[in-house]
Amino acid sequence: MLKLHKINKSFGDLKVLIDIDLEVRKGEIISIIGPSGSGKSTLLRCISGLEKIDSGNINIDGSIGMVFQQFNLFPHYSVVENIYKPLTVINKMDRKEAKEIALNLLAKVKLEDKADSYPAKLSGGQKQRVAIARALAMSPKIMLFDEPTSALDPELTLEVLQTIKDLSKEDMTMVIVTHEMNFAREVSNRTIFMDEGRIVEDGPAEEVFLRPKNNRTKAFLKRIN
Ligand code: ADP
Ligand code: MG
């Protein structure tokens, strides 16, 4: 589904990604954890093409959807327009067909009743669920989430995590950067720990959380628990 080979990326003199090798298979749900500044966001941005890599190669089978910490909805579009406009503009889809897809996706994230509301009227959790529906509208083969709940209050975090959990049951391939360790452990089948631009541990989620091998993973998990 996705294969990264020896990815390197620097910002000026700062090496942010160092020899990253990663293979994601269809249906895998991978959580990426690690300290702030370890390169997690940059890795997702390189995968999605938002950031150019300096060396290495990336092979992707199909398109990618990305959900950010900040929801980035269009404020002057209604909820349903936020989801279907990209389909009519980018994919040249017929408006009626696109709107139907958008309404189905809104049902999936349990926001059918908000179709005609404007983003300013939504809670953070609802905005993030619209952002997830919008990413899904492009029929991605892989969904990348970059700390999708970091901007949310705890009670709103839960509804977004539930939406992602629901998606995980539909065989969607996902890579999720998160600080929600319980969620990562519960939802992902594989966990990657990044530190200073490198993948230092990569294994089954239960293994990484319960029996981390690397000392830096151990220290990180101890610190946040
Ligand atoms: P994480 O998501 O793990 O917190 P990031 O990938 O955001 O880490 O950042 C990794 C490092 O790269 C940090 O030191 C950050 O300051 C730096 N960095 C990220 N984006 C840029 C940029 N556009 N220009 C310069 N430095 C950047
Ligand atoms: Mg980040």
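Helices (H or I, at least four residues) and strands (E, at least two) are DSSP runs, numbered from the N terminus. This is a predicted model: local features need pLDDT of at least 70, side-chain atom pairs count only at pLDDT 80 or more, and totals for chains, interfaces and linings use all residues. Residues are numbered from 1 along each chain as its sequence is written.

**Stop one: the largest pocket**

Select Met66, Pro86, Arg134, Ala135 and Met138. Of the 18 residues lining the largest pocket, these lie nearest its centre. A pocket here is an open set of points on a 1 Å grid over the protein atoms alone, where a 1.4 Å probe fits, with protein on both sides within 12 Å along at least five of seven lines; lining residues have an atom within 4 Å of a point. The space inside is about 350 Å³, a volume filled by probe spheres set on the points.

Now colour β5 (64–67), α2 (79–89) and α4 (124–137); each supplies at least two lining residues. β5 gives the most, with four. The lining holds 13 nonpolar, three polar and two charged residues.

**Stop two: ligand 1**

Select the residues around ligand 1 (a heavy atom within 4 Å). Among them are Phe11, Pro35, Gly37 and Lys40.

Next, show the polar contacts, pairs of N or O atoms within 3.5 Å. A polar side-chain atom of Ser41 sits 2.8 Å from a ligand oxygen.

Finally, highlight β2 (14–24) and α1 (40–47), the elements giving two or more residues to the shell. α1 gives the most, with three.

Note on methods. Chains lettered and ligands numbered in written order. Heavy atoms only, no water. Nonpolar A, V, L, I, M, F, W, Y, C, P; charged D, E, K, R; others polar. Polar contact = N/O pair within 3.5 Å; in protein donor to acceptor, adjacent residues only side chain to side chain.
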